[in-house]
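Please take a moment to look at the sequence and the fold together before reading on. The paragraphs below are meant to be read with both in view.

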Amino acid sequence: MDIRSTTLRITNESTYTIQLVHNELEKVSEYFLEPIVSERALVIVDEQVHLYHRDWIESSLAKTFRYLSSYIVPSGEKSKNLSQFGSLLHWILEQPIERNTPVIVIGGGVVGDLGGFVAASTLRGLPLFHIPTTLLAMVDSSIGGKTGINHSTGKNVIGSFYQPVGVFADTHFLSTLDKKEWTNGLSEILKYACIQDQGIFTSLKALFDHNLDYEPSKWVDVIHRSAQIKTEIVAEDALEKGRREYLNFGHTFGHAIENIADYGTFSHGEVVFAGMYAAILASNEFLNAQLDPNIILQYAPRYDFSLASLRSVIPDLIQQMRRDKKVQQSHIRLVLLQSIEAPFAYTVQEEDRLTDIWKQTIDMFS
Ligand SMILES: NC(=O)c1ccc[n+]([C@@H]2O[C@H](COP(=O)([O-])OP(=O)(O)OC[C@H]3O[C@@H](n4cnc5c(N)ncnc54)[C@H](O)[C@@H]3O)[C@@H](O)[C@H]2O)c1
């Protein structure tokens, strides 16, 4: 299969290429050889990925690097913390590194955000490469340069923008991914379909109609299109001052659920999915958009969660939306749709109307 390649040009800063292949990790050497002249590479790898794909990764990277040093990061969001960050810094600084020693981060968004921040922080920045291994990381977190860790005061509150030298995604990694992790990525893909390309809905339908739901090689086109959309939006707005805001479609509602519910009750994909439904209702309410909620609801059978426990905390959810980073001059700001493919950032003046949107959303997913 041909390598799909998309170039991300960050104005005046850097340009990098995102490569997408299926079962051709050995090509990573060819790809990495060009910009890097180093005998050694530092590999930061997710525990599960290491478990399933260790030999494949090592033999592929050994074609380029004589010495590989690996650090295995325990799976899960809990690893995105100061203590893991500190351990990684100590580990890197004890290696015989030079300024051009590449850091290759292999895993989902957790390892990508953590490892990216470590690369950004060591010797004022080591060359960073992402090898994303979850659907979400392939279409979202490995692209755009956001790195960071969590703190007791909030998620992703310590971090920086640090662009990688390259991103190399091999869909074969998805063959070992849990079904639940597929839906996390699906939510972001549905977001791209809503804000920029409804053709993605057609591609997804073709996959699902043919029972190719978990067939990695068949997802290459959908992943490529999604990564392209994220790339285009980020390239226009690398530091999140304008259009990048559209990537928050569904997320302001979703973050409110994530913050109010007990930690771990819902996955990110679930709350974003429910959040997109709420954002569609809000688009109809505030913008008179006349959207059919079925564009999102038709995918509901793929998700398995209940929002029933949130019925009594709607005021808290709205309060939480006010605390969202996207609040402007104390008003809640939502990314809505004027129509499909036409996102619009809306400042909410009539917050009481959100109560009914929350009620309808909770009823729908109870
Ligand atoms: N930087 C950004 O722009 C950005 C964007 C979106 C999300 N994020 C961050 O991404 C994180 C979520 O990322 P995620 O959904 O990839 O979660 P994750 O990194 O926790 O991976 C999910 C699970 O899948 C396992 N895994 C990873 N690859 C696998 C594979 N190929 N086979 C089997 N198991 C595998 C992991 O061990 C983990 O248990 C969050 O911390 C979020 O804040 C960052």
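Predicted model: local features only at pLDDT ≥ 70, side-chain atom pairs only at ≥ 80, totals over all residues.

Residues are numbered from 1 along each chain as its sequence is written, and side-chain values use heavy atoms, with hydrogens and water left out.

With strand E4 (residues 67-73), E3 pairs in the parallel sense over seven bridges, and Asp46 stands opposite Val73 in E4. Between these two strands the chain crosses through helix H2 (residues 47-61), and this β-α-β crossover is right-handed, a word used if, with the strands pointing away from the viewer, the path from the first strand over the helix to the second runs clockwise. With strand E5 (residues 103-107), E3 pairs in the parallel sense over four bridges, and here Ile44 stands opposite Val105.

Turning to the aromatic side chains, the structure holds 16 aromatic pairs; rings of Phe, Tyr and Trp (its six-membered ring) pair if their centres lie within 6.5 Å, and planes under 30 degrees apart count as stacked, over 60 as edge-to-face and the rest as tilted. One of them joins Phe273 and Phe365 edge-to-face, at 5.9 Å centre to centre with 65° between the planes. Because Phe273 lies in helix H10 (residues 268-287) and Phe365 in the segment after helix H13 (353-364), the pair ties together parts that are 92 residues apart in sequence. Phe273 counts as buried at 0% relative accessibility, and Phe365 is buried as well, with a relative accessible area of 6%.

Elsewhere, Trp182, Phe201, Phe208, Tyr214, Trp219 and Tyr299 form one aromatic cluster. Trp182, Phe208, Tyr214 and Trp219 are also among the residues that line the largest cavity, which holds about 80 Å³ of space. On a 1 Å grid over the protein atoms alone, a cavity is a set of points where a 1.4 Å probe fits but cannot get out, and lining residues have an atom within 4 Å of a point. Helix H6 (residues 179-195) gives the most to this lining, with four residues.

Finally, consider two residues in loops. Ala261 lies in the loop between helix H9 (251-260) and H10, and is buried with a relative accessible area of 14%; Ala261 and Tyr246 are 15 residues apart in sequence and 25 Å apart in space, C-alpha to C-alpha. Val348 lies in the loop between strand E11 (342-347) and H13, and counts as buried at 0% relative accessibility. The C-alpha atoms of Val348 and His331, 17 residues apart along the chain, are separated by 6.0 Å.

Notes: 1 Å grid on protein atoms, 1.4 Å probe; cavity = no way out; pocket = protein on both sides within 12 Å on 5 of 7 lines; lining within 4 Å. Points joined across faces, edges and corners; volume = space filled by probe spheres on them. Pairing = 2+ DSSP bridges. Buried < 20%, exposed > 50% of the residue type's maximum accessible area, 1.4 Å probe, protein only.
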